[in-house]
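This report goes through a few local features of one protein chain. Look at the sequence and the structure first, then read on.

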Amino acid sequence: MKYWFSILIILSIIFSAIECMAEVPDYDKMIEKLESYKEDTLKYENIKGALCFYHPESEKVFEFAKEEFYDKMYPIWKNDSLKVIELNKLLEKYPKTNWRRTMYQYLTYSLHNLDRIIPLVLVLATFREAFPNDYKSFSQSARYYHEFDNNFQQTLEFAIQAHEMSFNYPKVEFFPNEEWLLEKRSAPVKTAALLAEIYFKQKKYEAAEEMLNKIISNNNLGLDDETTLAACYFWLAKILEEKGNREGAVQIAIKAIIAGDSRNYHTPKADSLLRRVIAYKDLSKTEYYDFIRKQVGYDEVVFSDVTSKVGMENVGAGRVAWGDYNNDGFQDILLNGMRLFRNMKGVQFVEVTQAAFPDTIRGNGGLWGDFDNDGDLDIITKDPEFIWLNNNGTFYKVDSTNSIRDNGVSTEGVGIGDVDKDGFLDIYFANYEKNYVNEEDQLFRGIGGGEFLDITERAEMLPKDGKNRAGRGVNMCDFDLDGDLDIFVSNYRLTDNFLWQNDGTGHFKNNAFKFGVAGDEVDGWWGHTIGSEWADIDNDGDFDLITCNLAHPRYIDFSNKTRLYINENGKFIDRRKEAGIRFEETHSEPCWADFNNDGYVDLYITSIYEGRRSFLYMNRGDGTFKETTFLAGVRHFNGWGAACADYDNDGDIDLLVAGGAIQLFRNETNKKVNWLEVRVTGKNHADAIGTRLILSNDEISFLREIQGGKGTTNQHSFVQHFGLGNTKPPFKLELIFPNGIKKMLMINEINKILKVNE
């Protein structure tokens, strides 16, 4: 009896299992339940678990795996041992989702870093088995097998298979489309470079050369790709050198250096190759650059790195501000708001911090402005926030009831200007975040003597939706040309930017959406905007705007790339791609200046993170730009702040770049073109911030506005520079001061620094 009873129980279990298998819950209904249980954690997790069990290859499980992957990885990003443990757990928890593709990539990377070869070989095999038609599993295998330095034939087979697959491999279901296309366009280039490296090691030079030439001639990379041909150029140059083709190696190595690569891995290798082939040891640095420029026929803007020459070698900073604090006619340098360097007539810079500040000064950024209207430049610092008044070259901290005091939050952006036209400078703080909670921005009204009142709420500058943004930068400008300063705020964390439009009565309205500069919304996300800056880039008499966005490829489907907003009859239209400004993941700080004195402002952009390079784009005057960074001699790595001044008063604009060790680039461009510089002082103050200048004649019309800081707390010189090309006087110079007073001058002499008082 017991025997039969046991059989019945077993049969009942089997039939129940079959019944359950036959009744797989409907996916769409489970999603509906999941949405309805968002407020009930226990029920939500139960449905989530059921989805993973019954629909392990679904889109929702793909999203679960992706979300949990980043939640687990971020806290242990630099700990490969912990990453291996957590990744193995995730692969076990999500055994069928396509997100395993990313998990395998990170797992193999960490195992390689830990030098755990046997587990790495086993995981690579599992990766190839899971994604047999995907180039990535074979590319990873070839890369690591190549580093093992054994089983040459297997390594080569993996590399060939990866490269062949890279042209046409199936899209992983649910993978974000734009991110996929970004990878798809770069895959043939990256696999070609890897295959060329393996071919080279195995001395298969002909096969490598043929393959590389084919990739280079059929290049599909464009302005939305940060991948370049630098790696392919390098390996082709190396092969040509090995084959004895010295001239060919030189030409291709130069192409690799000019192209640059986003991690600066192959570019220095190409540089070393070129120096070796041309016997660099016999050339000076200038001769080396001149050799390359001559090879490619380059005769445009040229800079030299004079950092060491002027006494600022190995000086570190993240933010820079130019200002003539001692009124000697030469622009001095404030670094990070806490180190002051005096300009010794354009020849040397001498640090005077200790002598200039009786009290210890600290900061993570600072700007110049005449806060007490006594005719010399004072300082505002951030982190901590204080006003430092200038008394004959010595700075004293204002510490009174109404003084600016450390606000206790992370202030990333500072902008200054007289927004209410009462003759005193006002201050806007773009405040960032604490523990991923966004901070509230602040507007302070200047009341004289370096004292201020917080008028944020009174000025109606709190977001209408009640949600703070993660502020990064402040850029004041009278963009609507109505006579008062407006305020653009760069916001981070995939949030919309602010454009506080001044109504002239002390009140502001955020019209970023109205004018099209909030960013582009995708599923509730915008961009990681860092530095921004206004300028009339097309000489049409109105202000345009660039917003530099950090845009990770993994978020590229819903986060904004850098935007170049052209002002078209009061509406701002993004023309970055049409202008020829390429996508780069970590664009940080823009910098507008007419570097070649042709009458059009050019663009310099820094990029943050190790190995990331900066970019110089020269304005062609037709709405497009040409990238000339390396040839111009201004490539900087891991950059943050940047600002311009004619520090040696020779009529062309020089460039100071921060981020790690600073670099001061002196403009050495041919001086056969005309220029004019205008140094403006207000009636009661030294800075004349907010003054608009229009220089014109029958041939040209140039618009400038004196800025009170730009980007993410950096500052150009207050002296306004106009490149005139071959245009000759007479010119009309119209000045519109912040208080509305206008002044008109006739300019008959040029190539000089003109001093104008209100």
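Helices (H or I, at least four residues) and strands (E, at least two) are DSSP runs, numbered from the N terminus. Arg 362 lies in the loop between α16 (353-356) and β6 (366-369). The model is predicted, so local features need pLDDT of at least 70 and side-chain atom pairs pLDDT 80 or more, while totals for chains, interfaces and linings use all residues. Residues are numbered from 1 along each chain as its sequence is written, and side-chain values use heavy atoms, leaving out hydrogens and water.

**A loop residue**

Is Arg 362 buried or exposed? Buried means under 20% relative accessible area, exposed over 50%, and partly exposed in between (1.4 Å probe, protein chains only). Arg 362 has 52% relative accessibility, so it counts as exposed. Leaving aside residues up to four places away in sequence, Arg 362 touches Met 338, Thr 381 and Pro 384; contact means heavy atoms within 4.5 Å. Thr 126 is 236 residues from Arg 362 along the chain, and their C-alpha atoms are separated by 54 Å.

**Two helix pairs**

Axes are lines fitted to C-alpha atoms, for helices over the stretch in contact, and angles run from 0 to 180 degrees between N-to-C directions.

| Helix pair | Angle | Axis separation |
|---|---|---|
| α10 (residues 177-201) and α11 (residues 205-217) | about 165° | 9 Å |
| α8 (residues 135-148) and α9 (residues 152-165) | about 150° | 8 Å |

Angles under 35 degrees count as roughly parallel, over 145 as roughly antiparallel, 65 to 115 as roughly perpendicular and the rest as oblique. The angle therefore makes α10 roughly antiparallel to α11, and α8 roughly antiparallel to α9. A crossing is left-handed if the near helix is turned anticlockwise from the far one by less than a right angle, and right-handed if clockwise. α10 crosses α11 in a left-handed way, and the crossing of α8 and α9 is left-handed.

For residue types, Ala, Val, Leu, Ile, Met, Phe, Trp, Tyr, Cys and Pro count as nonpolar, Asp, Glu, Lys and Arg as charged, and the others, Gly among them, as polar. Residues of α10 that meet α11 include Pro 188, Leu 195 and Phe 200. The contact of α10 with α11 has 13 nonpolar residues, no polar and no charged. Between α8 and α9, the contact residues include Phe 138 and Ser 139 of α8 and Gln 154 and Phe 158 of α9. This contact divides into eight nonpolar, six polar and no charged residues.

**Cysteines**

A disulfide is a pair of cysteine sulfur atoms within 2.5 Å. The structure holds zero disulfides. Cys 591 is in none, and the nearest cysteine sulfur, that of Cys 644, is 3.3 Å away. Cys 591 counts as buried because its relative accessibility is 0%.
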